[in-house]
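Hi there,

Here is the structure I promised to pass on to you. My notes on the core, the pocket and the cavity follow below it.

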Amino acid sequence: MKPCANSFSALSPETATEKTTGAIAERAGVSRGACQHHFPTRTALVAAAVEHVFHQQIEELARRAKGLPESRRRIEPLLNLLHDVYAGPLFTAATHLWVAAVADEELKAMLLPLETHVGREVHRITVELLGLDERDRDVRDAVRATLDLLRGLALASLLHDDTTRRRKVIAHWARTLEAQLTPKRAPRPAEARREL
């Protein structure tokens, strides 16, 4: 990744959409001309920087996931991990960009394909970490619902931190998800006889 794009991840989330190409180049320690050579518009620079940041998030997720338990009981710790990634400063910066993209068609056109790519990658990693079969429609729907829930909780966290409530919601959803994704066990012979 080019130095100017790398510098974007160091910008504060609150000012991510207000920085000029010149300010970003200065922070990266390169000339404005060098930055504009690689990124002819501020939007191109922002899109490249956001892509770089999203790749960092995916790498962080993969790195931190190595510490998860190997059993089905990994669902709740994984959901907490995913939420932590979503609720971090990079998500906050991305949220500012999404809001700016509502009124900026050029930015929107650059962010939509990136958002689709990142969404698919996070979905793929989540399915993989849960040891699920992506071909199962119920699995796909459950993982999509889970990621949407976590993004919603992260958005709610932008206004105020309600960690206690959020942890309860995640714990409840983890139990629901575990019940949905765990195959129903066949009754043992003694249980089957009692049901007759």
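To start inside the chain: leucine 150 is in contact (heavy atoms within 4.5 Å) with Leu79, Leu82, His83, Tyr86 and Ile170, leaving aside its neighbours within four places in sequence. A word on the source: this is a predicted model, where local features need pLDDT of at least 70 and side-chain atom pairs count only at pLDDT 80 or more, while totals for chains, interfaces and linings use all residues. Residues are numbered from 1 along each chain as its sequence is written, and side-chain values use heavy atoms, with hydrogens and water left out.

**Fold.** The chain has ten helices and zero strands, taken as DSSP runs numbered from the N terminus (helices H or I, at least four residues; strands E, at least two). Of the 196 residues, 38% count as buried, meaning under 20% relative accessible area with a 1.4 Å probe, protein chains only. Among contacts between residues at least 6 apart in sequence, 65% join residues at least 24 apart.

**Core.** A nonpolar core here is a set of buried Ala, Val, Leu, Ile, Met, Phe, Trp, Tyr and Cys residues joined through side-chain atoms within 4.5 Å. The largest one has 39 residues, and Leu150 is among those with the most contacts inside it, as are Val50, Leu78, Leu81, Leu82, Tyr86 and Leu132. Helices α4 (42-65), α5 (75-86), α6 (89-103), α7 (105-130), α8 (137-159) and α9 (163-181) each supply at least two of its residues; α7 gives the most, with nine.

Volumes are the space filled by probe spheres set on the points, which are joined across faces, edges and corners.

- The largest pocket has a volume of about 170 Å³. Its lining is Glu115, Gly119, Arg120, His123, Arg144, Leu147, Asp148 and Arg151, with α7 and α8 each giving two or more residues.
- Of its 14 lining residues, Phe54, Gln57, Tyr86, Val118 and Val122 lie nearest the centre.

Happy browsing!

Definitions and conventions:
Buried means under 20% relative accessible area, exposed over 50%, partly exposed in between (1.4 Å probe, protein chains only). On a 1 Å grid over the protein atoms alone, a cavity is a set of points where a 1.4 Å probe fits but cannot get out, and a pocket is an open set with protein on both sides within 12 Å along at least five of seven lines; lining residues have an atom within 4 Å of a point.
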